[in-house]
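This report covers a sheet, a helix and a group of aromatic rings. Please read it alongside the model.

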Amino acid sequence: MRKSTFLALILIRLVLPMWGEEIPSPEAFLGFQVGADRELADWQEIVSYFKALAQNSDRVMLVELGQTTQENPFVMVVISDPATLADLATFQEIQAFLADPRKLTAGPQDLIERGKTIVLTTCAVHSTEVASAQMSMELAYDLARGEDPETQEILQNVIFLLVPSLNPDGVNIVNHWYKQTLGTPAEGSPPPQLYHTYVGHDNNRDWYMFTQKETRLAVEKIHNVWHPHIIVDVHEMGPYGPRMFVPPFIDPIDSNVDPILRAEIVALGGNLFSALIGAGKEGIVTQAIYDAYTPARAYQHYHAGVRILLETASARLATPIVVRREELRSGRNYNAHRPSWNFPVPWPGGIWRLRDIVEYQKVALRAALLHGARHRRTWLRNFYQVGVQAIQRSAPYAFVVPPDQRDLQTLYDLLHVLELGEVEIHRAKEPFQVSSSQLVSAPLGSQDRREFPAGSYVILLQQPYGAFAKTLLEIQHYPESRQYPGGPLRRPFDVTAQTLGIQLGVETYQVQEPFQASLQEVGEVRIPEGQIQGEGVYWLFSHTSNSFARLANRLLKKGHSVSWAPNGFRAEGEGFPVGTLMVKFEEDATQFQELLEGLPIRVRRVKKWPELAWQQIRLPRVGLYQSFYGAMDEGWTRWILERYEFPYHSLSDPDIREGDLSNFDVIVIPHQDPGQIEQGLGYPYPEQYRGGLGAEGVARLKQFAASGGTLLFLGAATQLPLLQWQLGASDPTEGVSSQEFYAPGSLLRVKVNNRHPIGYGMMEEAAVMFDSSPAFHLSRGLPVVQYSSEDLLLSGWITGEEHLADKTALAEFRLEKGKLILIGFRTQFRAQTRGTYKFLFNSLYYATLRR
């Protein structure tokens with residue numbers, strides 16, 4: 001059940017103001033000017049400053065929303081006039097009513113007159129983009145003490161929510177590295193690790209799966225409580241292009257973003273553009289570089305808010321740089337040296353400092369706040385109207401998700417995503433029918449059904465956040481476009497498909513027109529406890545649910561013997577498919593029930609041991625390669641292994657080059673450029689971080705497999721053995737230009753050998769995430785997964801699909817006594833593609849089998 005939005009202040013700790021002392025400036029507090037060369041405040045200093053500001057200003061309130069992954073405080077600063085701060089619950093309530101027009105018994109005019117524009121600014125989600133967390137202190141100070149008419153206008157009309165960092169852990173990681181390397185050749189370099197514990201730069205691609213603590217805090221405690229009208233997301237980009245980007249974005253923008261919001265992006269972005277040019281700032285570009293297609297970066301666009309992306313050219317962290325004119329590079333929709341309507345004053349080059357970035361950001365944010373203040377009624381009226389249009393949607397009518405899914409774990413994963421996104425979910429109290437003519441899409445591998453059982457989940461789209469449900473559940477048809485007629489393809493900024501039903505392997509049906517069904521709203525999505533049926537000491541459980549891995553790992557950690565079936569079989573009159581798992585469990589059934597906590601899985605007890613050649617699996621001893629480059633896929637893999645209770649040990653370059661690898665069953669090399677893996681970091685990094693695996697490390701990996709171990713390479717990393725070892729395999733897309741073949745983050749149809757242990761639990765047809773991934777043409781080796789020759793594209797965009805038809809996507813090779821497994825597609829991409837997790841899990845268990 002969703003928490004009442006205006007009760008949130010009860011759930012969080014407030015640092016209340018203690019007025020009377022002089023309002024401290026950041027410079028006086030820190031001992032240096034914000035943005036000064038080679039000076040950075042760490043997270044503790046930033047939070048301490050905001051505490052001091054809140055204690056000495058009646059315009060500022062500091063709210064601690066929770067703890068980060070590394071247990072740092074995750075905070076939000078609320079700035080407005082004192083009377084508003086004293087009555088925040090009222091303004092939250094106003095927002096809640098305007099967000100859902102169904103709650104209003106009268107018109108919205110009174111609420112519009114009384115309400116405030118809610119402006120949210122989020123800083124430093126990417127921690128090497130250091131300026132905004134520092135700038136936030138100075139911006140807040142200016143608002144806390146300013147007496148000029150513009151500041152007063154902002155305070156009286158706006159509630160300003162300022163998040164100094166969406167990734168506080170990363171602020172400290174980068175700050176520590178920067179101070180450690182000051183005065184050395186490595187000064188200003190990125191740290192040799194991920195700047196978020198698990199996901200690094202991908203932390204702003206988590207805005208619909210909500211996997212990380214920081215994402216969930218921002219969504220649950222800010223967005224879903226305050227429903228902000230304007231969200232300014234402050235970033236930095238490379239140093240050799242424009243000095244700052246402001247919206248509008250280039251095409252495409254997701255068609256599910258309401259036209260009012262699209263128009264407001266243009267209006268507000270244009271206002272910021274004008275303000276920056278008017279302030280004499282050079283190198284400002286608009287309608288260039290960035291699109292707004294994927295919801296992974298824009299939760300706000302589906303919740304009646306406008307996301308304004310600010311991207312400022314970076315320095316070397318806090319170290320100034322010199323950029324020569326000839327080093328400036330042109331990009332999508334701008335020429336770095338030529339004035340145009342969207343880039344009127346090119347920057348000529350010169351010295352670029354952290355302080356420059358701070359100044360640019362302050363001008364833009366001040367303009368956004370002033371626009372929100374001066375157009376308060378318009379922002380509130382349009383916010384309300386977006387909700388009106390949402391509840392009046394005519395088509396599609398609904399999505400239906402049957403309850404009888406092969407994998408109940410991914411079903412509840414999907415429902416929890418919708419629930420956290422404030423999407424209303426209903427369940428059918430009785431069976432119902434839908435005309436086949438109303439079904440405009442059907443999921444991969446599903447039956448052609450018209451009847452749905454009682455308990456089916458129904459997501460009606462006539463609701464405030466129906467657009468969020470629609471963009472996540474529908475099939476994407478990315479609009480292929482070219483930079484000019486007959487010219488090269490316009491590349492998307494990120495992936496082109498997010499269809500959750502396909503990514504998670506959940507049957508999902510889009511229904512275009514209304515149908516008759518008796519429905520009841522779901523108050524709270526709860527994962528049912530696992531079911532135990534039958535009697536006996538032999539316990540059988542299915543491989544089709546991702547939960548099998550958690551249960552198997554819990555049993556193995558308790559010392560139980562777990563096996564899987566290499567063939568289908570029957571026991572006590574019931575059929576069981578290949579891959580079924582079995583454990584002999586003679587203890588009390590309540591102890592087994594405890595192992596099932598949180599697992600929606602069915603366990604069948606039988607009295608007699610099913611006679612077949614069971615294969616015993618062990619708890620895999622996993623070595624996970626961790627490059628000093630900070631590969632995001634490695635972090636995601638760690639997060640998934642921990643969630644599914646796999647023990648693992650991280651292996652650095654020196655560990656593989658020099659350590660004892662015989663203690664591992666399997667070594668996993670996550671998706672990463674093979675050149676980075678082999679060559680690693682170089683100068684100016686300190687010696688201990690340089691060199692990568694090198695030829696020695698690559699040779700030791702091969703020897704590990706030859707001696708009986710298993711190597712598992714993921715994504716682009718598969719190219720390392722593919723190019724260096726004589727496998728009898730090649731990549732058919734290697735050397736093919738992007739004009740001939742291109743599939744940027746698309747969901748593709750594959751054929752699975754689900755009688756091979758790596759394919760256990762999968763259907764014969766599945767969907768995989770292909771993100772410019774390698775594929776394999778085999779003259780040796782065993783194909784386990786192959787790309788389909790027909791209807792390859794399921795969601796997204798592909799050009800030149802003939803290059804993939806019938807080619808191998810996942811292959812196994814024998815290397816003397818051991819195994820090499822290559823998974824070319826992104827099997828656990830950003831923890832989104834949960835329908836293909838089993839390929840990863842099965843590979844780990846497969847490594848524990850002995851020939």
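Are Phe646 and Tyr845 buried or exposed? Phe646 is buried, and so is Tyr845 (buried means under 20% relative accessible area, exposed over 50% and partly exposed in between, with a 1.4 Å probe and protein chains only).

## Basis of the model

This is a predicted model, in which local features need pLDDT of at least 70 and side-chain atom pairs count only at pLDDT 80 or more, while totals for chains, interfaces and linings use all residues. Residues are numbered from 1 along each chain as its sequence is written, and side-chain values use heavy atoms, with hydrogens and water left out.

## Aromatic pairs

The structure holds 39 aromatic pairs. Rings of Phe, Tyr and Trp (its six-membered ring) pair if their centres lie within 6.5 Å; planes under 30 degrees apart count as stacked, over 60 as edge-to-face and the rest as tilted. Phe646 and Tyr845 form a tilted pair, at 5.4 Å centre to centre with 45° between the planes. Phe646 lies in the loop between helix 19 (632-643) and strand 29 (648-651), and Tyr845 in helix 24 (residues 837-846), so the pair ties together parts that are 199 residues apart in sequence. Helices (H or I, at least four residues) and strands (E, at least two) are DSSP runs, numbered from the N terminus.

Both residues belong to one aromatic cluster, formed by Phe548, Trp564, Tyr644, Phe646, Tyr760, Tyr837, Phe841 and Tyr845.

An open sheet of 6 strands has mixed pairing and the order 20-26-21-25-22-27 (two strands pair if DSSP finds at least two bridges between them). Strand 20 (531-534) and strand 27 (615-617) are at the edges, each with a single partner strand, so one side of each has no neighbour in the sheet. The twist averages 30° from one strand to the next (axes are lines fitted to C-alpha atoms, for helices over the stretch in contact, and angles run from 0 to 180 degrees between N-to-C directions).

Strand 21 (residues 538-541) and strand 25 (residues 581-584) run antiparallel and are joined by 4 bridges. Leu540 stands opposite Met582 in strand 25. Helix 17 (residues 547-557) packs on the sheet, touching strands 21, 22 (562-564), 25, 26 (602-606) and 27 (contact means heavy atoms within 4.5 Å). The direction of helix 17 makes about 150° with that of strand 21.

## Helix 10

Helix 10 is mostly covered, with 10 of its 14 residues buried; among them are Leu217, Val219, Ile222 and Trp226. Just after helix 10, His227 takes a positive phi of about 45°.
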